[in-house]
Amino acid sequence: MERDQLLHRRRQWERFNAWEITGSRRLTGPRASEELSRTLRWFAEAWELAREANPNWAQAKVDADKIRRLQSARQYLARLTVGGLHDRSRA
């Protein structure tokens with residue numbers, strides 16, 4: 001990848017991370033129902049981010065196998081700690 005492409009990708013991820021942090025707080029906060037319009041704007045921005053990353057994203061078909069692999073990887077990574085795998089049997 002060229003330097004400009006890498007910088008663009010980095011800016012996309014920074015914007016996504018900021019969006020994810022602020023949005024998830026709104027969705028789980030004690031006044032989530034009062035913030036419906038903010039929540040809807042948050043989701044509208046999600047669509048904008050997806051369109052920006054891939055203009056044809058809405059036409060793409062969902063690959064069920066890929067989703068299962070991602071879910072499996074997420075579950076495995078959630079068990080990781082700084083020192084290694086977290087032993088849930090002790091929890």
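Which pattern does the protein chain follow, read along the sequence? Let's work through this and a few more exercises together.

**Exercise 1. Describe the fold of the chain and the confidence in it.**

Solution. This is a predicted model, in which local features need pLDDT of at least 70, side-chain atom pairs count only at pLDDT 80 or more, and totals for chains, interfaces and linings use all residues. Residues are numbered from 1 along each chain as its sequence is written, and side-chain values use heavy atoms, with hydrogens and water left out.

Step 1: the pattern along the sequence is α-α-α-β-β, which comes to 3 helices and 2 strands. Helices (H or I, at least four residues) and strands (E, at least two) are DSSP runs, numbered from the N terminus.

Step 2: pLDDT is the predictor's confidence in each residue, from 0 to 100. The chain has a mean pLDDT of 76, and 74% of its residues reach 70 or more. Among the elements, α3 has the highest mean pLDDT (85), while strand β2 (residues 84-85) has the lowest (54). Where pLDDT is low, the predicted coordinates should not be read in detail.

Step 3: of the 91 residues, 8% are buried. Buried means under 20% relative accessible area, exposed over 50%, and partly exposed in between (1.4 Å probe, protein chains only).

Step 4: a contact means heavy atoms within 4.5 Å. Among contacts between residues at least 6 apart in sequence, 34% join residues at least 24 apart.

**Exercise 2. Find the aromatic pairs and classify their geometry.**

Solution. Step 1: rings of Phe, Tyr and Trp (its six-membered ring) pair if their centres lie within 6.5 Å; planes under 30 degrees apart count as stacked, over 60 as edge-to-face and the rest as tilted. By this rule, there are 2 aromatic pairs.

Step 1: the ring centres of Trp 13 and Phe 16 are 5.6 Å apart and their planes lie at 90 degrees, so this pair is edge-to-face. Trp 13 and Phe 16 are 3 residues apart in helix α1 (residues 3-28), so about one helical turn separates them. Phe 16 is partly exposed, at a relative accessible area of 27%.

Step 2: Trp 42 and Phe 43 also form an edge-to-face pair, with 4.8 Å centre to centre and 80 degrees between the planes. Trp 42 counts as buried at 10% relative accessibility, whereas Phe 43 is partly exposed at 39%.

**Exercise 3. Locate the second largest pocket and look at its surroundings.**

Solution. Step 1: about 340 Å³ of space lies in the second largest pocket. Of its 15 lining residues, Gln 12, Phe 16, Leu 49, Ala 50 and Ala 53 are the closest to the centre.

Step 1: α1 and α2 (36-53) each give two or more residues to this lining, and α1 gives the most, with 8.

Step 2: Gln 12, in helix α1, is buried at 13% relative accessibility and touches Glu 52 and Ala 53, not counting residues up to four places away in sequence.

Key
1 Å grid on protein atoms, 1.4 Å probe; cavity = no way out; pocket = protein on both sides within 12 Å on 5 of 7 lines; lining within 4 Å. Points joined across faces, edges and corners; volume = space filled by probe spheres on them.
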